[in-house]
Structure formats: structure tokens, C-alpha cells
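Please consult the sequence alongside the coordinates while reading.

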Amino acid sequence: MNFDNVPPHPRVSATIDPDGVAEVIFDGVPHYLRSGSLPGARRDVTTYVAQRARDVLGRAVLVHVSEPEGRFELAVHPDGSVDERASRDQAPEPSALIHDPQSDATVMTRVRPPAGPATQESAPEPAERSDAAEPAAFADPAARAEPPTPAVRPEPAEPAARAEPPTPAAPAELAAPAVPAEPHAPATQAPAGRAPAAPDHWAPPPRPAEPAAEQLPPSPHRAQPGSYPTQPARQAPFPAPGQSPSSMPSFSPSAPQPGGPAYPPQSGGSASVPQPAGPAYPPQNAGPAYPQQTGEPALTRRQLRESFLTQEQVEAPASTGLRGVLARAGIKTAPSAAERSERSDRNTVSQHWPGVRTIAIVNGKGGANKTPTTALLAAVFARNSGAATLAWDNNVTRGTLGWRTDQGPHDATVLDLLPEVDNLLSPGAKAGDISHYVHHQPADKYDVLRSNPNLLSSETRISAPDVDAIHDVAGRYYRLVFVDSGNDESAENWLRMIDKADQLVVASIAKPEHAEAGALLLEELVARGGRSAELARGAVVVVSQAREKDTKPAASDIAKGFTGWVRETVTIPYDRAMVESVLRFDSLAPATQRAWLRAGAAVAAGL
């Protein structure tokens with residue numbers, strides 16, 4: 001390509017680092033690319049410049065490239081093809097035209113000056129060439145369409161004769177046939193109408209007393225984006241100790257690179273050659289050799305830079321058991337597995353979820369431990385998360401949540417709150433207004449909305465609209481709402497509670513009849529389908545050991561019967577504080593507290 005035909009404006013330059021980071025300055029505007037490898041950076045630079053040339057200019061642009069292998073001037077076309085010439089500080093290497101007997105075409109190859117006698121004797125022949133050769137000539141579209149000019153077939157060389165390296169051919173002698181090149185150098189066809197380019201890597205020096213190898217047919221493909229430079233990589237003038245010239249490292253864009261090979265080795269041969277079809281050849285049964293450009297926005301300088309504000313998670317030392325004693329004595333001791341598990345559960349229940357979360361505690365059988373489960377789960381969440389938490393007694397058949405919790409300075413119940421719903425939801429209502437109707441638990445940090453167990457159920461009916469109104473008030477003043485349900489699964493307030501619930505908890509004691517009642521309830525909810533079925537499948541079953549000596553069946557045996565039908569099961573050991581008087585979390589034994597924390601974490605996982 002005539003570079004004089006490419007306008008110098010806009011000025012485009014690219015700088016590529018050895019680690020694959022490239023900076024492209026297009027008309028004074030920098031653009032950064034991170035590819036992870038030098039071949040990938042070349043490909044990305046070519047693709048980016050070609051896209052700009054196509055979208056902005058509609059013509060080829062001249063790019064000045066500076067990289068670890070040297071400096072180059074590239075003409076990048078809008079279709080992504082590249083024509084390249086080396087910078088002035090890179091002298092062309094000797095080259096010659098030879099004739100290919102098979103294809104009857106004249107091809108170009110680059111020869112290396114003969115080495116000294118000592119080097120030739122000590123240079124072993126490589127057993128197998130794994131680096132693939134790439135087409136060296138980047139022809140113009142018009143020139144590529146013309147067939148190569150046939151040349152006169154030369155006389156075959158004698159097998160025993162030593163192949164002398166050809167000298168560079170003068171311009172007037174390009175049409176004349178040249179002597180064959182060294183055996184292992186792949187040949188490329190010289191396009192008509194322009195001087196042939198040279199291969200992209202050095203060929204090993206010729207070996208004496210070896211017949212000339214058969215020349216390979218020229219490749220019809222034009223170079224693809226990312227294949228520059230076509231000039232050979234600069235090598236060290238002398239090999240390292242113990243390293244022969246033929247084993248010295250050299251750069252070849254078509255050879256397998258860390259980012260992935262461009263051409264796979266051919267089976268059954270000693271050299272890798274270009275395939276006869278397709279611009280690039282990824283390995284079989286594998287993904288693409290290089291990541292393709294998908295139009296994603298380029299990384300900015302801030303995204304490329306590693307932030308100084310890195311956060312390192314530091315684990316707190318042990319605080320319980322013997323490890324905790326050692327830590328308090330100044331000996332840094334890591335927590336045990338049990339303490340790590342407890343910390344994990346505590347962190348789970350300490351979350352603040354967006355919006356209001358409603359947890360319904362259900363079982364159609366009376367005495368299934370629904371009220372203790374409601375109160376103690378509310379205590380676990382309120383004590384650890386600090387979120388405003390309400391325990392609501394939605395039982396019209398003498399609910400006992402008010403009897404098992406602390407009473408405030410009044411005796412208000414849910415029936416007293418219903419007439420004040422509009423006032424409590426008005427814009428002028430204040431956060432403290434709800435305190436007239438709920439009973440705060442000083443030790444456990446949650447509030448209780450009581451039912452009135454002194455009245456007959458016929459006098460305390462709660463309709464579905466009433467449940468909606470109470471839930472709206474609860475959502476206005478609280479973030480977590482635990483609902484203690486009644487035993488009538490057909491009542492309006494029970495059904496509407498299910499509609500409002502985000503998580504279902506089935507409470508049971510270690511008795512077969514209570515467990516069976518909970519299982520039947522889950523089956524009915526699944527049969528209803530929709531949201532009820534989702535709640536049943538994601539339910540948590542909490543089985544409490546209600547009697548100290550009656551361990552047949554045990555709580556663990558009952559829990560196993562629910563395994564696979566619900567999301568999680570948790571067992572609570574027997575604790576006398578759960579069956580007497582007011583329920584307070586601090587009055588429980590440490591093992592019981594740990595079990596309720598585990599139950600709270602299981603519930604929180606479904607929120």
C-alpha cells in the first residue's frame with residue numbers, strides 16, 4: 001500500500017505495554033484498553049481504530065504504534081484489515097523470490113545470514129516446529145484479485161549439495177527465479193503489483209547435506225486485525241549460555257501465545273501451516289481463541305487503577321469458652337467453629353429488610369407452642385437487629401399472648417386499636433401514638449398487641465377488613481410483625497393473615513398429634529395453590545421438647561418427619577422457663593437461647 005495516499009490527519013498513536021494494557025490517542029483523545037496479553041492488545045487496538053475509521057472518517061487512518069517489539073506505522077482500514085511498514089529505525093532483512101514447483105508460483109521468503117562454523121555445528125535441529133507461519137503480505141483489494149505471475153520452473157537442486165543462502169534480489173531481478181530457501185521456512189505468495197513482504201519470524205539456518213524441502217502453497221488470506229507487526233522481532237545479538245541460535249525466543253504473531261493460539265498445529269507434519277479457509281483457527285472442542293469485541297464501553301483510567309480504599313475483613317477474637325478467656329488475657333485466639341456459627345446466625349437475624357416483613361406462626365392444634373414461639377422469635381429479632389418489632393395476637397378464642405408477656409401501664413387490646421385506625425394512619429400521627437395500644441417488653445425490646453381473652457369469641461370477631469386495617473397500622477410503626485394465630489383455619493382473620501404473611505412458621509411440640517396437625521395444615525395450603533402453596537413449601541418448622549422426661553418421640557424425631565416437605569426444621573430443647581409464667585429470653589438456659597437464635601436465622605433466611 002502507498003502510505004502517501006493515507007492522509008496524516010487525524011493523528012492516531014498507540015502505546016502497548018508488555019502486560020497487554022494499551023493507550024490509543026485518536027486525534028488528541030486518549031482511550032484505554034486492557035486485554036491481558038500482548039497479542040490481545042494488538043487485536044483490540046486494531047479493532048478500535050478500525051471502528052473509529054469506519055464510523056467517523058469512512059477511510060483508512062495511519063497509526064503510529066509503539067510496543068515492546070519496536071515502533072511501527074500501520075494503515076488501518078475501516079474493514080479491519082491492516083497494511084504495515086516498519087519505522088525508519090528498522091532495516092529490512094534480506095529476501096529473495098523462489099519458485100514453488102507444486103503451485104507453479106513465485107513466492108517470497110526471508111533468509112538469515114549464515115552463521116559461523118562453530119554456531120552451525122552446535123545448533124541442533126528442532127524435532128518439531130510448533131510455531132505456525134502467518135501470511136506475510138498484506139495486499140490491496142485490487143492487487144489481491146489478480147492471479148500471481150507464473151515463473152520459469154528452476155532446475156531441481158541436488159540432494160547432497162549444500163544450500164547456499166540467497167542474496168537480496170535487486171528490483172530489476174524480481175521476475176527471475178531464485179534458489180530455494182531453507183527447508184523449514186513456509187513460503188508465501190507475492191501479490192501481483194507490489195513488492196512481496198517477508199514472513200513474520202526468523203527461519204533457522206540451513207543445515208548442510210540435506211535435500212531441499214518441498215515448498216508449501218501460498219496462503220490466499222489477508223492478515224486479520226491484531227496480526228502486526230510483520231517485521232521480525234528484535235532478538236539478542238548473541239544466544240544465552242547453553243542456548244543455540246535456533247532455540248532463541250522470537251516473536252511470531254501467528255505462533256501460539258499465552259492468550260490462545262491463532263492456528264493449531266497440523267497433525268502428521270513437522271511444521272504448523274495456515275489452514276486453507278477462514279481467518280483464524282481456534283482449537284477444536286474449545287471456545288474462541290481470543291475474546292471478541294462486543295461494543296462494550298472501554299475502561300476508564302479510574303477503572304484501570306486499583307483503589308487505595310480496600311476493605312479487609314478482620315475477624316474478631318474469640319469471646320466464649322476457653323478461647324475467650326485466653327483472648328481476654330491478651331492472647332490473640334481465633335473463635336471456634338461453634339462461635340463462628342453463632343456469629344453467623346446473629347448476623348443473619350440482625351439484618352434490616354426493605355419494607356415490612358410479616359411472619360405468621362400457625363398450627364391448627366391448641367397447645368402446639370404457638371405463643372412461646374411468637375414471643376421468643378420476636379425477642380430474638382428485636383434484641384439483635386434493633387428494628388421496631390411487634391408481636392400481634394390474632395387469636396379471638398382466648399389468645400394467651402397477653403398473659404405470657406409483660407403488661408404496660410394500660411390494659412388496651414386490639415379491640416381498642418380498631419376505632420383509632422384512621423387517627424393512627426393520619427399524616428399528623430406521631431411515632432409515640434401507638435404506645436397507647438401496645439405493651440412494651442423492656443428486657444426483650446419488642447411490643448405486644450394483645451387480644452382480649454376475657455370475652456367470648458363471638459364478641460371479639462375480627463373480619464378480613466379489620467386485619468387489613470391493623471396490618472396497615474403495624475406497617476406504619478413497625479418493621480417486623482410476628483402474628484400469633486388462632487386455631488380456626490377457616491376464620492376470616494386467619495385466612496387474611498396468610499395473605500399478609502411473608503414467612504410461615506409451623507410450631508409444634510414433640511407429640512404426634514400436634515405434629516400431625518401441623519402436617520395436615522401444610523398439605524391444605526399446598527392444595528390451595530398460589531401464594532399459600534409457596535408459603536407452605538418455604539415454611540420453617542420449630543419443634544419444642546415440651547416435657548423433660550417424655551422423650552418418646554423426641555423433638556428430633558418429629559423434625560425428621562418434616563424433612564423434605566419444608567425449607568428447614570429446628571428443634572428446641574426442654575426449658576422450664578418456657579412453660580412457666582412470663583416469657584423472657586434472658587431466663588432461658590444458654591442451650592435454649594442458642595436454639596432460638598438458630599430458629600430466628602432460619603426464619604430470616606426466608607425474608
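Two aromatic pairs occur in the structure; rings of Phe, Tyr and Trp (its six-membered ring) pair if their centres lie within 6.5 Å, with planes under 30 degrees apart counted as stacked, over 60 as edge-to-face and the rest as tilted. The ring centres of Trp 353 and Phe 381 are 6.4 Å apart and the planes are at 50°, so this pair is tilted. Trp 353 belongs to the loop between helix H6 (337-349) and E10, whereas Phe 381 belongs to helix H7, 28 residues apart. Helices (H or I, at least four residues) and strands (E, at least two) are DSSP runs, numbered from the N terminus.

The model is predicted: local features need pLDDT of at least 70, side-chain atom pairs count only at pLDDT 80 or more, and totals for chains, interfaces and linings use all residues. Residues are numbered from 1 along each chain as its sequence is written, and side-chain values use heavy atoms, leaving out hydrogens and water.

Phe 381 is buried at 0% relative accessibility, where buried means under 20% relative accessible area, exposed over 50% and partly exposed in between (1.4 Å probe, protein chains only). Phe 381 also forms a tilted pair with Phe 482, at 5.4 Å centre to centre and 50° between the planes. Because Phe 482 lies in strand E14 (residues 480-485) and Phe 381 in helix H7, this pair ties together parts 101 residues apart in sequence. Phe 482 is buried at 0%, and Trp 353 is buried at 14%. Trp 353, Phe 381 and Phe 482 form one aromatic cluster.
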